[in-house]
Amino acid sequence: MKGASMNTQIGNIKIDNEVITQYAGSVAVECFGIVGMASVNMKDGFVKLLKKSSLTHGISVNILENHKLVLDFHLIVSYGVSIRTVADNLIESVRYKVEEFTGLEIEKINIYVEGVRVID
């Protein structure tokens, strides 16, 4: 199991990276202006909008030696919204909710806007 671990007075807690990724993805898609996660095919350079069941493919979680998290989000945003505002909202929401959920501190959140979609 690849993930984060914490030592407490009553034992060890291990959190799998997949758990952090799924939670961060569910928080992200609730944010205003985000259409969904993006899957980038490096071979072709194509970007694909992922379904809600595939949220983890657009996010990567890295755990540093100091037990802090670095999260990378590959997103598709709504047409006509301020990308800066969407990014700020995402960072604030994810930082707060993931830190509360896991008890781990987030050192950095990287956002890669892979596309824009018009929402009906």
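Colour the chain by burial to begin: of its 120 residues, 37% are buried, meaning under 20% relative accessible area with a 1.4 Å probe and protein chains only. This is a predicted model, in which local features need pLDDT of at least 70 and side-chain atom pairs count only at pLDDT 80 or more, while totals for chains, interfaces and linings use all residues. Residues are numbered from 1 along each chain as its sequence is written, and side-chain values use heavy atoms, with hydrogens and water left out.

Now select I20, L71, F73, L90 and V94, which have the most contacts inside the largest nonpolar core, a set of 25 residues. Such a core consists of buried Ala, Val, Leu, Ile, Met, Phe, Trp, Tyr and Cys residues joined through side-chain atoms within 4.5 Å. Among the elements giving two or more residues to this core are α1 (17-29), β6 (69-78) and α2 (83-102).

Centre on I20 and, leaving aside neighbours within four places in sequence, find I15, V61, L69, L71, V98, T102 and L104 in contact with I20, contact being heavy atoms within 4.5 Å.

On the α1 side, select V19, I20, Y23, A24, V27 and A28, and on the α2 side L90, S93, V94, K97, V98, F101 and T102, which together make the contact.

Key. Buried means under 20% relative accessible area, exposed over 50%, partly exposed in between (1.4 Å probe, protein chains only). Helices (H or I, at least four residues) and strands (E, at least two) are DSSP runs, numbered from the N terminus.
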